[in-house]
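Me: I have a new structure open and I'd like to learn how to read it. Could you walk me through it, one feature at a time?

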Amino acid sequence: MNGYSEIEREKANLINATSISLEQLEKSKNETLYFEKQRAMNQVRQRVFQQAVQGALGTLNSCLNTELHFRTIRANISILGAMEWKS
């Protein structure tokens, strides 16, 4: 009878140790999933921000080109006007 109770005790210890290992594995899995989710969300945020910055730079570049174009036209008109007055 003593040998049987020893086997039952070892079996219970093994079940307990297995249960603890499974709980730790589940916790580790959940932490990994959380960090992977955070990483994916950060990547999406970074891409959205990068696209927004690129769009803003494109708009700014277009505005600056337009302004430069208008200034060049005004300067050319002024030069032509000055030439006309001298003639």
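Me: Let's start with Glu-67: is it buried, partly exposed or exposed?

Reply: Buried means under 20% relative accessible area, exposed means over 50%, and partly exposed is in between (1.4 Å probe, protein chains only). Glu-67 has a relative accessible area of 32%, so it is partly exposed. Keep in mind that this is a predicted model, where local features need pLDDT of at least 70, side-chain atom pairs count only at pLDDT 80 or more, and totals for chains, interfaces and linings use all residues. Residues are numbered from 1 along each chain as its sequence is written, and side-chain values use heavy atoms, with hydrogens and water left out.

Me: Which residue does Glu-67 form a salt bridge with?

Reply: The general idea first: side chains of opposite charge can pair when their charged atoms come close. Here, a salt bridge is a side-chain nitrogen of Lys or Arg within 4 Å of a carboxyl oxygen of Asp or Glu. Glu-67 forms one with Arg-74, and their closest N and O atoms are 3.8 Å apart. Arg-71 comes in too, as salt bridges with shared partners join Glu-67, Arg-71 and Arg-74 into one network. Arg-74 is partly exposed, at 47% relative accessibility.

Me: How many salt bridges does that rule give?

Reply: The count comes to six. One of them joins Glu-8 and Lys-11, at 3.6 Å from N to O. In another, Lys-29 meets Glu-26, with the closest N and O atoms 3.3 Å apart.

Me: Why are Lys-29 and Glu-26 separated by about one helical turn?

Reply: Because they sit three residues apart in helix H1. Helices (H or I, at least four residues) and strands (E, at least two) are DSSP runs, numbered from the N terminus. Glu-8 and Lys-11 show a spacing of three residues in helix H1 as well, about one turn.

Me: How many helices and strands are in the chain?

Reply: One helix and zero strands. The radius of gyration of the chain is 37 Å, well over the 12 Å that the globule rule gives for 87 residues, so the chain is more spread out than a compact globule. That radius is taken over C-alpha atoms, and the globule rule is 2.2 Å times the number of residues to the power 0.38. Along the principal axes, the C-alpha atoms fill a box of roughly 130 × 10 × 5 Å. Thr-32, which is in helix H1 (residues 2-86), lies 51 Å from Thr-66, C-alpha to C-alpha, at 34 residues apart in sequence.

Me: What share of the residues counts as buried?

Reply: Of the 87 residues, 0%.

Me: Which residues form a nonpolar patch on the surface?

Reply: Phe-49, Val-53, Leu-57, Leu-60 and Leu-64, with about 500 Å² of accessible area together. Patches use residues with over 30% relative accessible area and no salt bridge; like charges are joined within 9 Å, nonpolar side chains (Val, Leu, Ile, Met, Phe, Trp, Tyr) within 5 Å. Leu-60, for one, is partly exposed at 46%.

Me: And what aromatic pair does the search find?

Reply: A pair of aromatic rings is described by the distance of the centres and the angle of the planes. Rings of Phe, Tyr and Trp (its six-membered ring) pair if their centres lie within 6.5 Å; planes under 30 degrees apart are stacked, over 60 edge-to-face, and the rest tilted. The whole structure gives one aromatic pair. Tyr-34 and Phe-35 form it, edge-to-face, at 5.5 Å centre to centre and 70 degrees between the planes.

Definitions and conventions: Areas by Shrake-Rupley, 256 points an atom, 1.4 Å probe, with all protein chains shown as cover.
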